[in-house]
Amino acid sequence: MKDTKLVVVTALLAALSTAVQAEPFFAQMVLQGVTFQVESPNDSSINPVIVRANAAEGSLGQMQTEADGTISNVEIEDLNADGYPEIYVYIASAGSGSYGSLIAYASNRNKSLSEIYLPSIEDSPEISRGYMGHDEFFVGEGALVRRFPVYRDGDTNAEPSGGTRQIQYTLEAGEAGWVLRKDRVVEF
C-alpha cells in the first residue's frame, strides 16, 4: 500500500512540474520592412534569447544573449521616428518579485543591429525608492513605459500600499549604440 501511494504522489509531482513549465517562446513581427524573430526555450530561470532581423536588403544580423527569467512579451516600434524600427523583449525573473528587465535592439538604417541600453533602476534613488519588482513594460505615446507598484516600509510582497510609479523613456543615440533616457516619472 505504501508503494502505491508513493507512485501516485510521484506521478502528481511530475504532472505539476510539467504543468508549471513555460512553453518555448517564438514571435515574428514586421514594421517598416524589417522582420524581427525572437525565440527562447523560456523553460528555466536563465534562458538564452535569440533575436534575428531581416530587411529587403538582407540580414541585419542575429543577436544572442541570456535573459534572467522568461519572456513575458515582445513589441516592435519606432520610438525615435527615424524610419527604422526597434524590438523590445520584456523579461520577468523567476520568483515572487517578478523583477522586470529588457532586451532591446535597434535597426541601424537597415544595415545592422545595435543594442539598446536601459539604465538600472538602482542607478536612481528617486526611482528605486520602494521598488520590489512586479514590473510591466509597454510602448505608448512615443515612449517605452515601465510601471511597478511602490512598497512602503512594512508592506508584504503581495500587498504594496504606495501606489504605482511609472517611468517613461525616450530613445536617443548613445556613444556606442542606443540609450533609453528617463523622460518623466509619474506616481498615482
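Which residue forms a salt bridge with Asp135, and how far apart are the closest N and O atoms? Arg146 does, and the closest N and O atoms of the pair are 2.8 Å apart. The legends below describe close-up views of a predicted model, in which local features need pLDDT of at least 70, side-chain atom pairs count only at pLDDT 80 or more, and totals for chains, interfaces and linings use all residues. Residues are numbered from 1 along each chain as its sequence is written, and side-chain values use heavy atoms, with hydrogens and water left out.

View 1. A salt bridge is a side-chain nitrogen of Lys or Arg within 4 Å of a carboxyl oxygen of Asp or Glu. Helices (H or I, at least four residues) and strands (E, at least two) are DSSP runs, numbered from the N terminus. Arg146 and Asp135 are both buried. Buried means under 20% relative accessible area, exposed over 50%, and partly exposed in between (1.4 Å probe, protein chains only).

**View 2. Arg129, Arg165 and Glu187 form a network of salt bridges.** Between Arg129 and Glu187, the closest N and O atoms are 3.6 Å apart. Arg129 sits in the loop between H2 and E9 and Glu187 in strand E12 (residues 178-187), so this pair, 58 residues apart, links distant parts of the chain. Glu187 counts as partly exposed because its relative accessibility is 41%.

**View 3. Arg181 and Glu172 meet through their side chains in a salt bridge.** The N to O distance is 3.0 Å. Arg181 has a relative accessible area of 38%, so Arg181 is partly exposed. Glu172, at 34%, is partly exposed as well. By the rule given in View 1, the count comes to six salt bridges.

**View 4. Gly133 is a buried loop residue.** The loop in question runs between helix H2 (125-128) and strand E9 (136-140). Gly133 counts as buried because its relative accessibility is 0%. Leaving aside neighbours within four places in sequence, Gly133 is in contact (heavy atoms within 4.5 Å) with Gly97, Ser98, Tyr99, Phe148 and Pro149. The C-alpha atoms of Gly133 and Ser93 are separated by 9.0 Å, although these residues are 40 apart along the chain.

**View 5. Four strands form an open antiparallel sheet.** Their order is E1-E2-E3-E4. Strand E1 (25-31) and strand E4 (58-67) stand at the edges with a single partner strand each, so one side of each has no neighbour in the sheet. Two strands pair if DSSP finds at least two bridges between them. E1 and strand E2 (residues 34-40) pair in the antiparallel sense over seven bridges. The bridge partner of Leu31 in E2 is Val34.

**View 6. The largest pocket holds about 290 Å³ of space.** Among its 18 lining residues, Ser101, Leu102, Leu118, Pro119 and Ser120 are the closest to its centre. A pocket is an open set of points on a 1 Å grid over the protein atoms alone where a 1.4 Å probe fits, with protein on both sides within 12 Å along at least five of seven lines; lining residues have an atom within 4 Å of a point. Grid points are joined across faces, edges and corners, and the volume is the space filled by probe spheres set on the points. Strand E7 (100-108) and strand E8 (112-117) are the elements that give two or more residues to the lining. E7 gives the most, with six residues.
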